[in-house]
Amino acid sequence: MRAKLIAANWKMNGSFALIDAMQKVLSPLLDETTCEIVICPPDVLLSSLNNKVKGSRIAVGAQNVHSETSGAFTGETSAPLLQECGVQWCIVGHSERRILFGETDDFIRSKTETLLKHGIRPILCIGETLEHRESGNHEEKVIAQLVKGLSGLAVDDQKRCVLAYEPIWAIGTGKTATPEQANSMHKIIRKELESLASSEAAENMQILYGGSVNSENAKTLLSQSEIDGALVGGASLKINAFPQIVAAGS
Ligand code: PEP
């Protein structure tokens, strides 16, 4: 049985005050939920979040990392430093990093490797554009990202990764993939994991759905057999919506 994982991607939003507010509204849920909860704020908030949630079932996640562990990379953050801030998870391959910052599959793969070496679990995002979906190439596109993202990693390392299927046309647009569209892509991803890793890995690896998840659609999406959680952007900033999404996965 795969546990549900609900990850909040605050992107370039949030504040010290939001950490306090979110912790307050989530704490009544923590004893009863079966979900793993990960909050990924901007880097400058990581230590403060860690001080607040240490020892609870809320884990700290980062949104990005550099593949190198030190050096002249102005503005970047290394995996060892993330580790010092209490980071247990890190998003890699988000479509905003791929599109706005030109990140390639190779670069994403080397970040994944670096994270694993430093005991941080990657949340590897994969997903197709609207153009790919409309031309029927979406499966091919998503599988190519998956294969490039995990290639060359030992199976035990692949098993430490969580995948997030995020159709780009559904991110921040209010358009959600239907539960059937998402579930069917998750099935295809899991099938590919069988040959890429092993049947045991495929059975146990969590595949999250991301793309305009909110408090209204979370229950239906999270009740699909292949959907093991959600990567939530916009709604993860709302103190009256994120706890409901966590409750929907419990
Ligand atoms: C995301 O940023 O990963 C995301 C899914 O955003 P949103 O929920 O706002 O679509």
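Okay, let's start with one side chain: Asn9 reaches over to the backbone nitrogen of Lys11, at 3.0 Å. Keep in mind that this is a predicted model. Asn9 sits in strand 1, which covers residues 5-9.

So, is Asn9 buried or exposed? Its relative accessibility is 5%, and buried means under 20%, so Asn9 counts as buried. And what is Asn9 in contact with, once you leave aside neighbours within four places in sequence? You'll find Cys40, Gln63, Ile91, His94, Leu231, Val232, Gly233 and Ser236 there.

Next stop, Val65. That one is in the loop between strand 3 (58-62) and helix 3 (79-84). Val65 is buried too, with a relative accessible area of 1%. Not counting residues up to four places away in sequence, Val65 touches Glu76, Thr77, Ser78, Ala79, Leu82, Cys90, Lys111 and Leu115. Also have a look at Thr114: Val65 and Thr114 are 49 residues apart in sequence, and their C-alpha atoms are 8.8 Å apart in space.

Last up, a pair of helices. Helix 5 is residues 105-117 and helix 7 is residues 138-150; their axes come within 8 Å and cross at roughly 45°. That angle makes helix 5 oblique to helix 7. The crossing of the two is right-handed.

Which residues meet there? From helix 5 we have Asp105, Arg109 and Thr112, and from helix 7 we have Gln145, Lys148 and Gly149. Sort that contact by class and you get three charged residues, three polar ones and no nonpolar ones.

Terms used. Residues are numbered from 1 along each chain as its sequence is written. This is a predicted model: local features need pLDDT of at least 70, side-chain atom pairs count only at pLDDT 80 or more; totals for chains, interfaces and linings use all residues. Side-chain values use heavy atoms; hydrogens and water are left out. Axes are lines fitted to C-alpha atoms, for helices over the stretch in contact, and angles run from 0 to 180 degrees between N-to-C directions. Helices (H or I, at least four residues) and strands (E, at least two) are DSSP runs, numbered from the N terminus. Angles under 35 degrees count as roughly parallel, over 145 as roughly antiparallel, 65 to 115 as roughly perpendicular and the rest as oblique. A crossing is left-handed if the near helix is turned anticlockwise from the far one by less than a right angle, and right-handed if clockwise. Contact means heavy atoms within 4.5 Å. Ala, Val, Leu, Ile, Met, Phe, Trp, Tyr, Cys and Pro count as nonpolar, Asp, Glu, Lys and Arg as charged, and the others, Gly among them, as polar. Buried means under 20% relative accessible area, exposed over 50%, partly exposed in between (1.4 Å probe, protein chains only). A polar contact is a pair of N or O atoms within 3.5 Å; within protein, one must be able to donate a hydrogen and the other to accept it, and residues adjacent in sequence count only if both atoms are side-chain atoms.
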